[in-house]
Amino acid sequence: MTTSKTAPSPSASPVMNAYRSEHQRDIVNRLRRIEGQVRALVEMVESGRSCEDVAQQMSAARKAMDKAFYRMMACTVLEAVSGTDAEADVERSTRILEKYA
């Protein structure tokens, strides 16, 4: 899996840059835990675990992915309201939520 790092905007405030850096670490950690959950799911299926056990773990992985998505959207909204064209940026964030949530 490759990761791309988006550099904070040079015009962003130091507080926003610090938040974004902390936020990126949080998201990466969440995604790594989800990656481990998915690997465990493959092992469960291959070892013949019950469908109910697999379904329960799939549900947990799906919920973890949803939480990671909403954390990412929180960052998008925060960046939108701190930008120079806040109204348009908030509208863009709203469209992303409508499309993917």
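User: Which helix does histidine 23 lie in?

Analyst: Histidine 23 lies in helix α1, residues 14-46. Keep in mind that this is a predicted model.

User: Is histidine 23 buried or exposed?

Analyst: Buried. Its relative accessible area is 3%, and the cut-off for buried is under 20%.

User: What does histidine 23 touch?

Analyst: Leaving out residues up to four places away in sequence, histidine 23 touches Arg71, Met72 and Cys75.

User: OK, on to α2. How many residues does it have, and how far does it reach?

Analyst: Helix α2 has 32 residues. From first C-alpha to last it reaches 47 Å, close to the 46 Å expected at 1.5 Å a residue.

User: Which residues in α2 are buried?

Analyst: Val54, Ala61, Ala68, Met73, Cys75, Thr76 and Ala80 are buried in α2. Cys75 is also one of the residues that histidine 23 touches.

User: Take threonine 76. Why does it count as buried?

Analyst: Threonine 76 has 17% relative accessibility. The limit is under 20%, so threonine 76 counts as buried.

User: And what does threonine 76 touch?

Analyst: Arg92 and Ser93, again not counting residues up to four places away in sequence.

User: Switching to the surface. Which residues form the nonpolar patch?

Analyst: Val77, Leu78, Val81 and Val90. Together they have about 260 Å² of accessible area.

User: Which element gives the most to the patch?

Analyst: Helix α2 does, with three residues. Leucine 78 lies in α2. At 31% relative accessibility, leucine 78 counts as partly exposed.

User: Charges now. How many salt bridges does a search of the whole structure find?

Analyst: Six.

User: What does arginine 20 meet in a salt bridge?

Analyst: Glutamate 79. The side chains meet at 2.1 Å, N to O. Arginine 20 lies in helix α1 and glutamate 79 in helix α2, so the pair ties together parts that are 59 residues apart in sequence.

User: Are arginine 20 and glutamate 79 buried or partly exposed?

Analyst: One of each. Arginine 20 counts as buried at 16% relative accessibility. Glutamate 79 counts as partly exposed at 28%.

User: What does aspartate 53 form a salt bridge with?

Analyst: Arginine 49. The closest N and O atoms are 3.4 Å apart. Aspartate 53 is partly exposed, with a relative accessible area of 28%. Arginine 49 is partly exposed too, at 44% relative accessibility.

User: And which residue forms a salt bridge with arginine 95?

Analyst: Glutamate 91. The closest N and O atoms are 3.9 Å apart there. The cut-off is within 4 Å, so the pair counts.

User: Where do arginine 95 and glutamate 91 lie?

Analyst: Both lie in helix α3, residues 86-100. They are four residues apart, about one turn of the helix. Arginine 95 is partly exposed, with a relative accessible area of 46%, and glutamate 91 is partly exposed at 42%.

User: Which residues are linked in a network of salt bridges?

Analyst: Asp26, Arg30 and Arg71. Arg71 is also among the residues that histidine 23 touches.

User: Last topic, rings. How many aromatic pairs does the count come to?

Analyst: One. Phenylalanine 69 and tyrosine 70 form an edge-to-face pair. The rings are 5.2 Å apart centre to centre, with 75 degrees between the planes.

User: Are phenylalanine 69 and tyrosine 70 buried or partly exposed?

Analyst: Both are partly exposed. Phenylalanine 69 has a relative accessible area of 24%. Tyrosine 70 has 45% relative accessibility.

User: How far apart are tyrosine 100 and phenylalanine 69?

Analyst: In sequence, tyrosine 100 and phenylalanine 69 are 31 residues apart. In space they are 9.1 Å apart, C-alpha to C-alpha.

User: Where is the place of tyrosine 100, and is it buried or exposed?

Analyst: Tyrosine 100 is in helix α3. Tyrosine 100 is exposed, with a relative accessible area of 55%.

Technical notes: Residues numbered from 1 in each chain as written. Predicted model: local features only at pLDDT ≥ 70, side-chain atom pairs only at ≥ 80, totals over all residues. Heavy atoms only, no water. Buried < 20%, exposed > 50% of the residue type's maximum accessible area, 1.4 Å probe, protein only. Contact = heavy atoms within 4.5 Å. Phe/Tyr/Trp six-rings, centres within 6.5 Å; stacked < 30°, edge-to-face > 60°. Helix = DSSP H or I, 4+ residues; strand = E, 2+ residues; numbered from the N terminus. Patch = residues over 30% accessible without salt bridge, like charges linked within 9 Å, V, L, I, M, F, W, Y side chains within 5 Å. Areas by Shrake-Rupley, 256 points an atom, 1.4 Å probe, with all protein chains shown as cover. Expected span 1.5 Å × (residues − 1).
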